[in-house]
Amino acid sequence: MFTGGIKQSEFETQDTFESLGLSEPILNVLAEVGFEKPTPIQAGVIPIALAGRDVVGLAQTGSGKTAAFVLPMAEKLYRGDGLRGLILCPTRELALQAESFLQSFGTGDRRLRTACLIGGVKYPPQLEALRNGPDIIVATPGRLLDHVERRTARLESVEVLVLDEADHMLDLGFLPQINRILDRLPKERQTMMFSATMPSSISRLAQLYMKDPETVDLRPETRVADGIEQRLYLVEPDDKKRCLLSLIAEEPGAVLVFVRRKLDADWACRQLQLEGHPVEKIHGDRTQSERVRALSGLRQGEHRILVATDIAARGIDIPVIEHIINFDVPQTVEDYVHRAGRTARGAAGGTVSCIASWTDTEMVRQIESGIGTQLPRFEAPGVPAYQERKKTIKGRERVRRRLR
Ligand code: AMP
């Protein structure tokens, strides 16, 4: 259960589990399972939840949100006090994951008894679990409502409610069941809601059923600042270099060129040098001092072009950068937005150009849908644009022929 998922480096925060207010027994379990630091959603939600407040956590699967609600529950609830906790999940898998987390974190008299009420499973074991006096029910809405209506489960004593992946539950059409369940819960309770998105249906749910909730918003940034002009250059794969050189020749200002891999950074830097451009590069294999030199050189105008990989460019804040060129299309919407954010720092505007070929069609589509706008098509001087539909098919045929 504790395998997979999170890359620690991506999610690390400055906080420690101790600083979030968790107690010794739980800290010990965390150390045992190898959770070294809280993820951002955990760091945001846990202190609010421990203070007894309602909280809306906006975060995706894989962000560590299960522990964000399980840890405060394990902290607050004791074994044998009767049913005090309810976790509603959209799927059996999530319900089982939450249950197994709960069982790991309760120790001693906090070893909580759970009943997992999910659809597609026989009733007798669930009835048995309910008869055993669970401290927490973990359930999918349909099956829980069945039990409530047959009076095999009673919810009058619930003090802590979790709605996990609320947007997913609404997508699955669970809203009527959720409404009926929530209407049966005591008004005096703590509610934690988690969702990857915040459509109006979710805000309405929060308004109806939560008390002055605090929001912890860790949705990936999908907004490109207004002052940034976005351009898409669609070219043949073999014309990407020509397109890059043409764009660089066209404008005099400082340029940051993004590439996917370290090797590509070395290659692009060399190509630009061969054309006589003052250029530097940063990527994961460069030492800290080389990196610092490359950045300060750009800042001071010693070279006007910097080639970078995503990781090396994280957090770069150099106001002189006027133009971002994505020589390789970013692999996520988040990376696109992050790259775009390296220009137009401060008040000035900036330009973000994306050089794409037909192999990038799907990623371009995802970026456009992620940022909610179509990227305006441009043509670089001297570099023919390909006709999106026709050439796409031709190109694919050519690759197929090459592969044969
Ligand atoms: P979730 O988003 O809750 O589905 O969690 C995703 C994965 O991250 C699970 O496999 C967890 O075991 C793991 N995980 C959660 N919190 C941490 C943490 N603080 N450190 C390391 N791994 C974690």
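Hi everyone, let me start at one residue: setting aside neighbours within four places in sequence, Val224 is in contact with Gln230, Tyr336, Val337, Ala340 and Ile371. Contact here means heavy atoms within 4.5 Å. Before going on, a word about what you are looking at. This is a predicted model, where local features need pLDDT of at least 70 and side-chain atom pairs count only at pLDDT 80 or more, while totals for chains, interfaces and linings use all residues. Residues are numbered from 1 along each chain as its sequence is written, and side-chain values use heavy atoms, with hydrogens and water left out.

Back to Val224. You will find Val224 in the loop between β7 (214-217) and β8. The helices (H or I, at least four residues) and strands (E, at least two) are DSSP runs, numbered from the N terminus. Is Val224 buried or exposed? At 13% relative accessibility, Val224 counts as buried; the cut-offs are under 20% relative accessible area for buried, over 50% for exposed and partly exposed in between, with a 1.4 Å probe and protein chains only. Val224 and Arg365 are 141 residues apart along the chain, and their C-alpha atoms are separated by 16 Å.

Now the overall layout. The domain assignment gives domain 1 (18-217) and domain 2 (228-390), with bounds that come from an automatic or database domain assignment. Taken over C-alpha atoms, the centres of domain 1 and domain 2 are separated by 44 Å.

Let's look at a helix pair next. Helix α4 (residues 65-76) packs against helix α5 (residues 92-105) at an angle of about 45 degrees, and their axes are 9 Å apart. Those axes are lines fitted to C-alpha atoms, for helices over the stretch in contact, and angles run from 0 to 180 degrees between N-to-C directions. α4 and α5 are therefore oblique to each other: under 35 degrees counts as roughly parallel, over 145 as roughly antiparallel, 65 to 115 as roughly perpendicular, and the rest as oblique. On the α4 side, the residues making the contact include Phe69, Val70 and Met73, and on the α5 side they include Phe101, Leu102 and Phe105.

Asp167 has a relative accessible area of 10%, so Asp167 is buried. Beyond its neighbours within four places in sequence, Asp167 is in contact with Ser195, Ala196, Thr197 and Ile202. Phe194 is 27 residues from Asp167 in sequence, and the two are 8.3 Å apart in space, C-alpha to C-alpha.

On to helix α11 (residues 240-250), where the buried residues include Cys243, Leu244 and Leu247. Among the elements covering the buried residues of α11 are β9 (254-258), α12 (262-274) and β13. Strand β13 (residues 350-356) also holds Thr351, which counts as buried at 10% relative accessibility. Not counting residues up to four places away in sequence, Thr351 touches Glu229, Arg231, Glu322, His323, Ile324 and Thr343.

Cys354 is in no disulfide either, and its nearest cysteine sulfur, that of Cys243, is 10 Å away. Cys269 is buried at 4% relative accessibility, and Cys354 is buried with a relative accessible area of 1%.

Technical notes
A disulfide is a pair of cysteine sulfur atoms within 2.5 Å.
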